[in-house]
Amino acid sequence: MKSVLQQHKRHRRRRVVRKVVLCAGVFLGVLTTGIAILFLLPQLSFHSVAISGAVSVPADEITRIADRMLQEKLFYLFPRRHMFLFRPAELESSIIAAFPIFSHVEVRRSWRAGISIAVSERSHWGIYCMVPKTEEKNIFYDNCYYIAEDGTVFAEAPSLTGNALLRVIDMRTEERQEAVVGREAVDRDRIERIQRTDAWLREHFDSTLREAVLGRPYESDMELTAAEGWYVRLDDRICVSCALDDLALVLAEQVPDRTRLEYADIRFDGKVFYKLRE
C-alpha cells in the first residue's frame, strides 16, 4: 500500500514539473519572438540622416560614416539603426576621429525626423611648423599643419612664408612631440600668451602678430614677431599682461619710432630691455 502511494506521488510530481517546463518554454518562446519582432520592426529604426554645419567636409562623407554604423548588427541579427540600439556618443566619436577639423559634433535622434548631425569646425588660427633650433631668422618651413585656437593641429598645411595666417614655429627639443592630426601641439598656456600679445599689439599699435617662435633661445622662451618686423621675447614664468603694460610705457617714452626697434626682452619682472637696429 505504501509503495503504491509513493509511486502515485512521483507521477504527480513529474506531471507538475512537465507543466512548469512547458509553461516556461512557451513563455520564453513568446518573449523571444516578441523581442525579435520588436528589434526587427522597420518602424522602430532610423533611416534618414541630416547634416548641418559642415563647410570643409562634404555632407556625403559624414553620412557615409553614419550609414556604416547603422548597418552594423548586434549578434549578427539586430541592426544598430534600431532606436534602442543606436548610440549617439559612439557616432560622435567616430566622426571627430575621421575629421579632426571638427571641434564639436552633436548627434540627435528623433523617431519622426531620424538622425540629425550638427558639426562645428575649427577655425584656421595659424600654421604650425616644427623646425630644428636655429638662430637664423630666415627659416625654411617644413612639416607644417593648420592649428586651431585650442592648440590642436587638424590638417596638413603648405610651407608658405608669405601666408596671411600667424606662423607658429616650434623649436622646442624637450616638450615638443611629433605633431599628430587631431591632437594638441601647443598647450593652452602658451596659446593664451600668444593671443594676449596679439591683442596688445592691436590695442596699442594697430598691429598684429606675424610669427611666434617657441623654444628660442631657451626651451621656455618665446619670440613673438609683430607685423612691423620687431619682436618681443618672453617666457612662461612672467605675468604677460603686467610685462606688456611695462613695455608699452617704455616704448612710448623711449622708442616712439618703432621702425628702429629690433626686439624687446620682457622676461624679467619689472624690467624691459630692448635693442635698436643698427
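The torsion about the S-S bond of Cys 129 and Cys 144 is about 110°, so this disulfide is right-handed. The two sulfur atoms lie 2.0 Å apart. A disulfide here is a pair of cysteine sulfur atoms within 2.5 Å. By that rule the count comes to 1 disulfide.

The model is predicted: local features need pLDDT of at least 70, side-chain atom pairs count only at pLDDT 80 or more, and totals for chains, interfaces and linings use all residues. Residues are numbered from 1 along each chain as its sequence is written, and side-chain values use heavy atoms, with hydrogens and water left out.

Where does the disulfide sit? Cys 129 lies in strand E6 (residues 126–130) and Cys 144 in strand E7 (residues 144–147), so the pair ties together parts that are 15 residues apart in sequence. Strands (E, at least two residues) are DSSP runs, numbered from the N terminus.

Accessibility comes next. Buried means under 20% relative accessible area, exposed over 50%, and partly exposed in between, with a 1.4 Å probe and protein chains only. Cys 129 has 2% relative accessibility, so it counts as buried. Cys 144 is also buried, at 5%. Cys 239 is partly exposed, because its relative accessibility is 39%. Cys 242 is partly exposed too, with a relative accessible area of 45%.

Now turn to Thr 225. This residue lies in strand E11 (residues 221–226). Its relative accessible area is 8%, so Thr 225 is buried. Which residues does Thr 225 touch, not counting those up to four places away in sequence? They are Thr 208, Leu 209, Arg 210, Glu 211, Trp 230 and Tyr 231. Contact means heavy atoms within 4.5 Å.

Definitions and conventions. Helix = DSSP H or I, 4+ residues; strand = E, 2+ residues; numbered from the N terminus.
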